[in-house]
Amino acid sequence: MFVYSMIQLFSSEFGATYQSDQDRCFYLHFQGRELALSVCSLIAFKKKVDSVDLVKMLTDEEDYSDVVLLSTCQREAYFLLSIREIIDLKELLGGTLVMLELNSILHKQINCGIS
Amino acid sequence: MKDLMRQRTSIKPEIVDILNEQVRIEATASAAYLAMAAWCDQHGWENSADHFYTQADEERMHMLKLFRYVSDMGAAAISPQVGEVQHDFTTLREVFETALDNEIHVTESINKIVAACRNANDFATESFMQWYVQEQVEEEYVARRALELFDIMGDSGMDLILIDERIPKIVYQEPGAAGEAEA
């Protein structure tokens with residue numbers, strides 16, 4: 001279900017992330033799915049995606065599948081990802097974290113006064 | 001737009017990462033001390049073995065303190081995977097040398113965390129880490145004094161027995177602590 005009060009945080013070629021103040025969580029749209037993630041789950045999932053070794057995937061002579069299976073923190077969802085999708089997801093989650101960091105900086109400046 | 005990130009956790013992701021890395025380093029240090037204790041036990045150095053068992057407990061306590069802090073701040077603490085640690089040593093001196101090298105490595109890692117906290121204006125974590133800074137002064141002192149015994153007394157059979165007897169007597173006393181106690 002798409003909630004229209006969501007604010008887009010970042011988008012990439014294959015997906016996008018949103019924040020819902022009402023639900024107090026983030027939404028990841030990827031591979032045609034919508035997934036709700038808490039702050040902890042988002043960071044944990046980003047860590048998993050970042051830890052995928054692309055060079056190893058490309059050069060592994062025992063595994064020619066070039067796909068990786070990743071689950072979210074609570075194992076609510078599984079993603080079977082190709083190399084292109086992993087690169088895209090790394091960019092998407094990295095960009096999302098930067099936007100959240102920027103939002104935190106703005107809040108801090110508003111609360112403490114812009115100097 | 002609400003600041004959900006700040007509402008959920010009071011430490012930044014990059015600080016969480018280095019704290020989790022420190023959890024792993026402390027766990028590895030604990031495992032390394034256990035291996036040293038086992039080696040000392042096998043070779044009949046009972047006091048040295050006891051010393052390293054105590055050190056292993058201390059490192060685990062350091063790890064748990066960090067782990068709880070990360071968790072209490074609303075971030076995800078990661079239970080560490082401990083890799084291979086050194087089990088084989090040639091001499092008792094080598095064991096203590098390795099212990100000192102490990103402590104120096106831990107100190108450098110803690111200093112990096114404090115520097116990163118300052119860079120990120122994370123004063124709470126910096127304050128929390130000050131306990132570790134002080135603790136490392138003590139840890140390095142004990143490891144260094146133990147190693148100095150070999151320089152003073154030598155490496156022969158009788159010397160090693162005397163060194164093993166003196167290991168439990170190495171205690172770090174903070175500068176001024178003796179004066180305060182007397183007063």
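The model is predicted: local features need pLDDT of at least 70, side-chain atom pairs count only at pLDDT 80 or more, and totals for chains, interfaces and linings use all residues. Residues are numbered from 1 along each chain as its sequence is written, with chains lettered from A in the order in which they are written.

Chain A comes first. It holds three helices and six strands, where helices (H or I, at least four residues) and strands (E, at least two) are DSSP runs, numbered from the N terminus. From that end, its elements follow the order β-β-β-β-α-α-β-β-α. Along the principal axes, the C-alpha atoms of chain A fill a box of roughly 55 × 35 × 25 Å. Of its 115 residues, 21% count as buried; a residue is buried if 20 or more other C-beta atoms lie within 10 Å of its own, exposed if 12 or fewer, and partly exposed in between, with C-beta atoms placed from the backbone.

Four strands of chain A form an open, antiparallel sheet in the order S1-S2-S3-S4; strands pair if DSSP finds at least two bridges between them. Strand S1 (7-11) and strand S4 (33-37) of chain A stand at the edges with a single partner strand each, so one side of each has no neighbour in the sheet. From one strand to the next, the twist averages 25°. Strand S3 (residues 25-30) of chain A is joined to S4(A) by five bridges, and A:His29 stands opposite A:Glu34 in S4(A). Helix H3 (residues 83-112) of chain A lies across S1, strand S2 (15-20) and S3 of chain A, at about 135° to S1(A). Axes here are lines fitted to C-alpha atoms, for helices over the stretch in contact, and angles run from 0 to 180 degrees between N-to-C directions.

Chain B brings the largest nonpolar core, with 38 residues, in which B:Leu19, B:Met36, B:Cys40 and B:Val95 have the most contacts. Such a core is a set of buried Ala, Val, Leu, Ile, Met, Phe, Trp, Tyr and Cys residues joined through C-beta atoms within 7 Å. Helices H2 (13-42), H3 (46-72), H4 (92-119), H5 (123-153) and H6 (157-166) of chain B each supply at least two residues of this core, and the largest share, 13 residues, comes from H2(B). Leaving aside neighbours within four places in sequence, B:Leu19 is in contact (C-beta atoms, placed from the backbone, within 7 Å) with B:Leu66, B:Val70 and B:Ile113. A second, separate core of 22 residues includes A:Met6, A:Tyr18, A:Leu81 and A:Leu89.

H2(B) has 30 residues and reaches 44 Å from its first C-alpha to its last, close to the 44 Å expected, the expected span being 1.5 Å times one less than the number of residues. After H2(B) comes B:Gly44, with a positive phi near 85°. In H4(B), the buried residues include B:Val95, B:Phe96, B:Asn102 and B:Glu103. Their cover includes H2, H3, H5 and H6 of chain B. Just after H4(B), B:Asn121 takes a positive phi of about 55°.

The contact between the chains takes ten residues from chain B and 13 residues from chain A. On the side of chain B that touches chain A, the largest share, four residues, comes from helix H1 (residues 4-8) of chain B.

Conventions
Contact = placed C-beta atoms within 7 Å.
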